[in-house]
Amino acid sequence: MKNPAPIMLCGACRVPIKPVLHPQPETMISCPQCGATDTFRDVTAECLEEVKQRFSRATGRSAESTEFKWRYSETMKPGS
């Protein structure tokens, strides 16, 4: 079975963060290199903002101007 934990990079040093299986919103996530820490809730919120910014740069449109519902879900799979 594949690891269900999302792959994330540290926002400060861009090093992959060790996956945490089945994290709760208040689970603390730490960077193994620089030691930056934050809650899983805040880390996923920052990841979503990064996706929105990349979308805007790639399409020239604001992510908020689309009808797409922006949300994070561990159960989402590409193509679904």
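Is histidine 22 buried or exposed, and what is its relative accessible area?

Reply: Histidine 22 is exposed, with a relative accessible area of 63%. The cut-off for exposed is over 50%, which is why histidine 22 gets that label. Keep in mind that this is a predicted model.

Start with the place of histidine 22 in the chain. Histidine 22 lies in the segment before β1. Its backbone stands out too: phi is positive, about 55 degrees, although histidine 22 is not a glycine.

Arginine 14 belongs to the segment before β1 as well. Arginine 14 also has a positive phi, about 65 degrees, and is not a glycine either. Its relative accessible area is 45%, which makes arginine 14 partly exposed.

Now look at two other residues of this segment. Glycine 11 is found before β1. At 63% relative accessibility, glycine 11 counts as exposed. Valine 20 is also in the segment before β1. Valine 20 counts as partly exposed, at 30% relative accessibility.

Next, step back to the whole chain. The chain has one helix and two strands. From the N terminus, their order is β-β-α. Strand β1 covers residues 28–30, and strand β2 covers residues 37–39. Helix α1 takes in residues 40–59.

Glycine 11 and alanine 36 are 25 residues apart along the chain, and their C-alpha atoms are separated by 8.6 Å. Glycine 11 and glutamate 50 are 39 residues apart along the chain, with 9.8 Å between their C-alpha atoms. Glutamate 50 sits in helix α1 and is partly exposed, at 28% relative accessibility. Valine 20 and phenylalanine 40 are 20 residues apart in sequence, and 9.4 Å lies between their C-alpha atoms.

Isoleucine 29 touches Ile17, Val20, Ala36, Thr37, Asp38, Thr39, Phe40 and Val43, leaving out residues up to four places away in sequence. Across the chain, take the contacts with a separation of 6 or more: 19% of them join residues 24 or more positions apart.

The largest nonpolar core has eight residues: Met8, Cys10, Val15, Ile17, Ile29, Cys31, Phe40 and Val43. In soluble globular proteins, nonpolar side chains tend to be buried together.

Phe40 and Val43 lead on to the helix. The buried residues of α1 are Phe40, Val43, Thr44, Leu48 and Lys52. Strands β1 and β2 are among the parts that cover them. An α-helix has 3.6 residues a turn, so residues three or four places apart point the same way.

The length of α1 can be checked. The helix has 20 residues, and at 1.5 Å a residue it should span 28 Å. The end C-alpha atoms of α1 are 29 Å apart, which agrees. Just after α1 comes glycine 60, with a positive phi of about 75 degrees.

What about the cysteines? The disulfide count is zero. Cysteine 34 is in no disulfide; the nearest cysteine sulfur belongs to cysteine 10, 3.7 Å away. Cysteine 34 is partly exposed, at 42% relative accessibility. Cysteine 47 is also partly exposed, at 29%.

Of its 80 residues, 21% are buried. The accessible surface comes to about 6300 Å², and carbon and sulfur atoms hold 56% of that.

Last, how far can the model be trusted? The chain averages a pLDDT of 78, and 71% of the residues score at least 70. Where pLDDT is low, the predicted coordinates should not be read in detail.

Conventions:
Residues are numbered from 1 along each chain as its sequence is written. Side-chain values use heavy atoms; hydrogens and water are left out. Helices (H or I, at least four residues) and strands (E, at least two) are DSSP runs, numbered from the N terminus. Buried means under 20% relative accessible area, exposed over 50%, partly exposed in between (1.4 Å probe, protein chains only). The expected span of a helix is 1.5 Å times one less than its number of residues. Contact means heavy atoms within 4.5 Å. Accessible areas come from the Shrake-Rupley method with a 1.4 Å probe; for residues, only the protein chains shown count as cover. pLDDT is the predictor's confidence in each residue, from 0 to 100. A disulfide is a pair of cysteine sulfur atoms within 2.5 Å. A nonpolar core is a set of buried Ala, Val, Leu, Ile, Met, Phe, Trp, Tyr and Cys residues joined through side-chain atoms within 4.5 Å.
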